[in-house]
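Q: I am new to this structure and would like a close look at a single part of it. Please set that part in its surroundings as you go.

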Amino acid sequence: MSATAQITGLNTYLDAFSRRQQTTQDEPAWLRHLREDAFGHFCDLGFPTTHDEDWRFTSLSALVKENFVSASESPAAVSVQQIAAHRVSDSAARIVFVNGRFSTALSDAQTLPQGVRAGSLADIIASSPASLENHLARYANIRNASFTALNTALFEDGAYVEVERGTILKKPLHVLFVSTAESAAAMVHPRTLLLVGENAELSLVEDHISLGGGAVFTNSVTELVVGAGATVSHHVLERENRNSFHIATLRIQQSRTSTVRAHSVLTGGALVRNNVHPVLAGEGAECLINGLFIGGERQHLDNFMMVEHASPHCASHQYYNGLLGGHSHGVFHGRILVHKDAQKTDAKQTNRNLLLSDDAQIDTKPQLEIYADDVKCTHGATIGQIEENSLFYLRSRGLDEASARQMLLLAFAGECLDRIEDGPVREYMEQSVDAALLGASRYQGGQP
Amino acid sequence: MSLLEIRDLHASVNGNEILKGITLTVNAGEVHSLMGPNGSGKSTLAQVLARRETYEVTSGEVIFNGKDLLEMKPEEAASEGLFMAFQYPIEVPGISNPYFLRAALNAQRKYRGEDPLDAMEFLPLLKEKMKLLEMDERFQSRSVNEGFSGGEKKRNEIVQMAILEPKLAILDETDSGLDIDALKIVSRGVNAMRSADRAMILVTHYQRLLDYIVPDFVHVLAGGRIVKSGGPELAHELEREGYGWIEPALAGAR
Amino acid sequence: MTTTNTIEDLANREYKWGFVTQVEEDRIPRGLSEDTIRLISEKKNEPAFMLEWRLKAYRHWATLERSQAEPTWANIHYSPIDYQAMSYYSAPKPRPNRKSLDEVDPEILEAYNKLGISLDEQKRLAGVAVDAVFDSVSVATTFKEKLAEKGVIFCSFSEAVQKHPDLVKKYLGTVVPYSDNFFAALNAAVFSDGSFVYVPKGVHCPMELSTYFRINAAETGQFERTLIIADEGAQVSYLEGCTAPMRDENQLHAAVVELIALDDAKIKYSTVQNWYPGDKEGRGGIYNFVTKRGKCAGRNSHISWTQVETGSAITWKYPSCILMGESSVGEFYSVALTNNHQQADTGTKMIHVGKNTRSTIVSKGISAGFGQNTYRGQVKILKGATNARNYTQCDSLLIGDKCGAHTFPYIDVKNSTARMEHEASTSKIGEDQIFYFRQRGLPAEEAVAMIINGFCKQVFRELPMEFAVEAQKLLSISLEGSVG
């Protein structure tokens, strides 16, 4: 990427930031200061290039040369019918954001049980910002991660969820992000803060869809703060249009003996980068990271895991399955970092990939960095094709080739879906996976 | 005669005194809960009673079932009927759950002069206990704790307790890492084990376990001493007020 | 008594195979030259083709030695070996007028009895035929006649050269050529004996074949060579065991093993290696520099290596498979243990040449004391190896904090249809694990034995039953004392 391209790219964001500064006059000083600080870091860092080891397999040149305007500047009306299909059955609440702004009309968060608060982060900033100061941007890294810095500088809104100590929310909370851009390139920087108290339980879905066909750059950052003994299931579903850029950062902070299950299913977007970064900060914490990515056409789906073991007796299990057809390119980069004091760490990582065409590509890179001496770390990776034997077996039982193929793909994807414990959420995500698989098998070499 | 008699027990690790004079009597049939903030010494007390060698007993005495517990090796204490459910159970790849547990049970039976159980006698017993803890049968063929989640490991500890039928069971933070559903299952397993000739010590940080396993006595540990004892209501008091009030109490005790 | 004490007691037990047998030796003077080669060949009354081959090998080795081409890439450290300071041939002197087993010196028979290897066929567990190699020569081979009924040839290499020169000429050096590496060249030049097996077409060898290697003499090297051929549809399972006396100087063992499996043939080769490892300070012990390779020449052929390496001061060994035949299978199962100051750099090479070839690698490294354990493995998928598959699992277990485990996997894939799976783990046995067992009523020794056996289970179950039991015992003796 040329230096000129970088500079043109940065000018877009400089404009956006100065406009943003005019609308944040009412924000508390600490937040304005934080935004300035973050933007300063973004300017210093610039966009990463393929020379950065963490971005080796993902070029951002298409994103950098685009001139995005803030999506919220072109307000759009979304009707209840348009998003009627996007509903997790039996959910506790659905909170909807349109082009980055909270929509009161489309959301239904009135019936939440006592001890649970869910809604718009912008509302909290306007009403009681002091309660945020201890958490917002305390975990996500604005110093070295340029997209997180950019989000922190520019974010307008996002979800805010707080579950009080000992409160059990069994039904899932559905957070739906809708973009409507049709032609002009738009950007949105959703910021989500999830605070889960001691021994509390939460299940939440972050769902990204596009209603229009325009190129949208979504740069979302979620900070999930989990108290001692708490249990959280976090689900991400990304299925935006094939012109979209999607950079997602999920930063998880876990206290002692807490359990987090972070699931993600990526099927949409032209270029997707999914950063998941749990820090097991308290003794005995446990984390499951479970992902599925399905690519076709010229999609580029990059999964960057950074699992940080900072305390003894913690366990992390990563499972990622990739299914790639057409000319798509998948990346799995799994880093496990075990700090010096994190003895008795148990870290596992498995990445399995199926290539459905000769032109599809996967780069998988495990990376173990271990500074403690009493740990158990396992990593495994496979790259394969659909087994001709299995295909033949199914066909010999009477299935046509397309159905047989679909069945094998479903089985492969099912390994990931089966790890989602929340029934209604699993069904909801399954629907998207089925649709994506039909698409993916269409793009494989030689198939009609 | 009481089942367990702890008198002015002092213990240290690497020269740091952690237990600074614990006195506690536990009778058969009783359930005691030891609560306290992190670092109060409650897990250390559990480990000392299970005879872990990392901890050095500097003074005091412990009589278990009429014998000097401090003279026993860990395996002797276990065979005398002392069981500890571990806060962090160990994984043993390549050794199956039934094999391990039968070896342990038979080692204890041998110590007591009883005949060993063969696999045919043992497996139905294991199946029954696993059912009680709602553990899937596939765990039976798996290696000890290998690939188990934190919650599954804790349930497996209770299965082991149910098989080994100890006189005294010490549960070291068995509730940690459990979501509410798993906590209920574990509690059901523990409650099924309550009997007039068995005692239990529940070591826990939180009161929520005690909603399901109601103790006869609650003791609060802080700074290596028992600073307050009472009935189950003491646990609720702690839940409401946290451990903050302990600091002044501790200062008074110094 | 503490865990540490219990285990130290066990560890301080002596290496119980460390005795020396008093026999009269026929030994050639120290040093290595073309004359030495001619002398060895002459003593063995070899045909001309053997001497020629040996001389070619010697000249090649001499060039390597002059250019200081002794391999240095392995993760092992030792003082330079003086190849002129050792003797290259030592054999017990034959006693006149003895028949069959009685031909063997009673002192040697007694030595094997002490090792638990009875050469008396009657007492031997049914189903295992033994070839005993004492220093440079084979001293006895049991069950020969019974095997001959099925057409199976199992004899010493020397005998094979005399009685089956055509087979030897056809296959010798076809898997490990003399030019393969420094130690293979040295072996080809000076090897004195070893075992030879030929299983004819369609025959499943009716019993396990086994060679027991024993180094007895001082200041000698042992250079044996084993050649096993399984003809079309044949099957054979072969085991080797090794021990040596305790001596303060290091002794060199540079063996070569070649396996050839034709269409539908299967060879299973198991090793329990317990050469003297040196004392607790790292003095003495065997340098075990061995080249082992199998060629799956035919369709559906299958070669499986299983090794339990507990002995030797230094082990340098990579039993490998060249998978030429379509749908051929290569396997490598290994337990390598290093305690005190032992060093091991071991692993395998799986070279996929044919279509639909499959390989499996399971390596379990245990390091204790100051032991250094390196897994070095290569999986190579050549261009024509469509649908090749490899599964590799590499686990390391550390005991104590002064030892080391190192893993160097090399993967080279030239065909995009390949399926590769790789898993690796490192873990540590400590006081907390042992305490868990003891809290359940099991003593410390049993805890260690159970943990180790569990760790090695995937490999042990590949060994023939008796060997598995022996391997388990060996491991617990070699290891205990390191946990505490």
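For residues 95-101 of chain C, how many contacts beyond four places in sequence does the model have?

A: The model is a predicted one, and for residues 95-101 of chain C it has 9 contacts beyond four places in sequence. Throughout this stretch of chain C the pLDDT stays under 50.

The rest of chain C gives the setting. Its mean pLDDT is 80, and 79% of the residues score at least 70. Residues 1-13 of chain C also have pLDDT below 50, and this stretch makes 26 contacts beyond near neighbours in sequence. Helix α1 of chain C, residues 3-11, has the lowest mean pLDDT among the elements of the chain, at 38. The highest, 96, belongs to strand β16 of chain C, residues 320-323.

Another element of chain C can be described by its surroundings. Helix α9 of chain C spans residues 431-439, and it is largely enclosed by the rest of the structure because 8 of its 9 residues are buried. The buried residues run from C:Asp432, C:Gln433, C:Ile434 and C:Phe435 to C:Tyr436, C:Phe437, C:Arg438 and C:Gln439. After α9(C) comes C:Gly441, with a positive phi near 105°.

The mean pLDDT of chain A is 90, and 96% of its residues reach 70 or more. Over residues 1-5 of chain A the pLDDT is below 50, and the model has 7 contacts for them beyond near neighbours in sequence. Residues 443-448 of chain A also stay under 50 in pLDDT, with 16 contacts beyond four places in sequence.

Chain B contains an open sheet of 6 strands, in the order β6-β9-β10-β3-β11-β12, with mixed pairing. Its edge strands are β6 (82-85) and β12 (225-230) of chain B, each of which pairs on one side only. From one strand to the next, the twist averages 20°. β12(B) pairs with strand β11 of chain B, residues 217-222, in the antiparallel sense over 5 bridges. One bridge joins B:Leu221 to B:Ile226, which lies in β12(B). Helix α8 of chain B, residues 233-241, packs on the sheet and touches β3 (31-35), β11 and β12 of chain B. The direction of α8(B) makes about 115° with that of β12(B).

For the model as a whole, the scores are ipTM 0.91 and pTM 0.78.

Key:
Residues numbered from 1 in each chain as written. Chains lettered and ligands numbered in written order. Predicted model: local features only at pLDDT ≥ 70, side-chain atom pairs only at ≥ 80, totals over all residues. Heavy atoms only, no water. pLDDT = per-residue confidence, 0-100. Contact = heavy atoms within 4.5 Å. Buried < 20%, exposed > 50% of the residue type's maximum accessible area, 1.4 Å probe, protein only. Helix = DSSP H or I, 4+ residues; strand = E, 2+ residues; numbered from the N terminus. Pairing = 2+ DSSP bridges. Axes fitted to C-alpha atoms, helices over the stretch in contact; angles between N-to-C directions.
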